[in-house]
Structures are given as C-alpha cells and as structure tokens.
Amino acid sequence: MAFSDTELVEKCVAELDRILLRYANIGEPISPYIGVGNTRIHRWMTDKNALDCVKLLAGESFSVDAGWTEPCLRTAIDTVINLCNNTGACFKGDFGLEHYPHYQVPRQAL
C-alpha cells in the first residue's frame, strides 16, 4: 500500500522494461505497447471479499509473498503469446510456438 495505483503501474512497467532490455533476443522495452491509462490494479490484500482466498486456492498459505505470483505471471505470458499467435502477429527473431513448451495433459480414465 506504499504506492498509489499510478505509481505501482509505472514501477511495474519500468521493471518489465529493465528485464526485457537485458535479454539479447528481446532487447526492446514493452512500455510502448502498454496503455498505462487503461490499467487496473486489484489489491487482493484489501479486498474484503477475497481475503486471501486466491492464494489459498493456489495451494499456498496466508502470506504476502507466497508462491502464487510466478504461476500468475506465467499464465499471463502464455495468454499473450497465444493471442499473438492466433491473431497472426509476428514474433521477434526466430521465436515460434514450436520453441515454446507444450504441456501434456494426461487423459483421464472414463
């Protein structure tokens, strides 16, 4: 709660830029593609209706930095990559879905 919603968005976008600029296969900021005026912040810690249930349902305990952040980020990245692929976007370099991990879901016995 130390930052306003606007400050939090700015810090997150700056951190994403910093990360992406470090990688030779990306080397570009993401900030030009983010409509910061359309962002929304949901503060789970102050949502009286959620009360940490999202972390509990993700298999974590009641803690501020439990391990649910990485799976949420991974889901968001998977979503964007698949949206880009399904709308005919061009990926940078030689990246394609054939390079992206595919998960094998075991068939359930009927």
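Contact means heavy atoms within 4.5 Å. Under this criterion, and leaving aside neighbours within four places in sequence, I26 is in contact with L20 and K92.

## Basis of the model

The structure is a predicted model, in which local features need pLDDT of at least 70, side-chain atom pairs count only at pLDDT 80 or more, and totals for chains, interfaces and linings use all residues. Residues are numbered from 1 along each chain as its sequence is written, and side-chain values use heavy atoms, with hydrogens and water left out.

## Overall architecture

The protein chain contains three helices and zero strands, and its pattern along the sequence is α-α-α. Helices (H or I, at least four residues) and strands (E, at least two) are DSSP runs, numbered from the N terminus. Helix α1 spans 5–22 and helix α2 spans 53–57, while α3 covers 69–86.

Of the 110 residues in the protein chain, 15% are buried. Here buried means under 20% relative accessible area, exposed means over 50%, and partly exposed lies in between (1.4 Å probe, protein chains only). The protein chain exposes about 9200 Å², of which carbon and sulfur atoms supply 60%. Accessible areas come from the Shrake-Rupley method with a 1.4 Å probe, and for residues only the protein chains shown count as cover. Among contacts in the protein chain between residues at least 6 apart in sequence, 30% join residues at least 24 apart.

## Salt bridges and the R43 site

Two salt bridges are present in the structure. The term denotes a side-chain nitrogen of Lys or Arg within 4 Å of a carboxyl oxygen of Asp or Glu. In one of them, the side chains of R43 and D5 meet at 2.8 Å, N to O. This pair links distant parts of the chain, with R43 in the loop between α1 and α2 and D5 in helix α1, 38 residues apart. D5 has a relative accessible area of 38% and is therefore partly exposed. The side chains of R43 and D5 also make a polar contact (2.8 Å).

R18 is partly exposed at 41% relative accessibility, and E15 is partly exposed at 35%.

## Nonpolar surface patch

L16, I19 and Y23 form a nonpolar patch on the surface, with about 240 Å² of accessible area together. Patches are made of residues with over 30% relative accessible area and no salt bridge; like charges are joined within 9 Å, and nonpolar side chains (Val, Leu, Ile, Met, Phe, Trp, Tyr) within 5 Å. I19 belongs to helix α1 and is partly exposed, with a relative accessible area of 31%.

One aromatic pair is counted. The ring centres of F91 and F95 are 5.0 Å apart and their planes stand at 75°, so the pair is edge-to-face. Rings of Phe, Tyr and Trp (its six-membered ring) pair if their centres lie within 6.5 Å; planes under 30 degrees apart count as stacked, over 60 as edge-to-face and the rest as tilted. F91 is partly exposed at 24% relative accessibility, and F95 is partly exposed at 31%.

F95 is found in the segment after α3. Leaving aside its neighbours within four places in sequence, F95 is in contact with I81 and Y100. The C-alpha atoms of F95 and N25 are 9.1 Å apart in space, although 70 residues separate the two in sequence.

## The I26 position

I26 is placed in the loop between α1 and α2. Its relative accessible area is 29%, so I26 is partly exposed. The C-alpha atoms of I26 and G93 are separated by 8.3 Å, with the two residues 67 apart along the chain.

Notes
A polar contact is a pair of N or O atoms within 3.5 Å; within protein, one must be able to donate a hydrogen and the other to accept it, and residues adjacent in sequence count only if both atoms are side-chain atoms.
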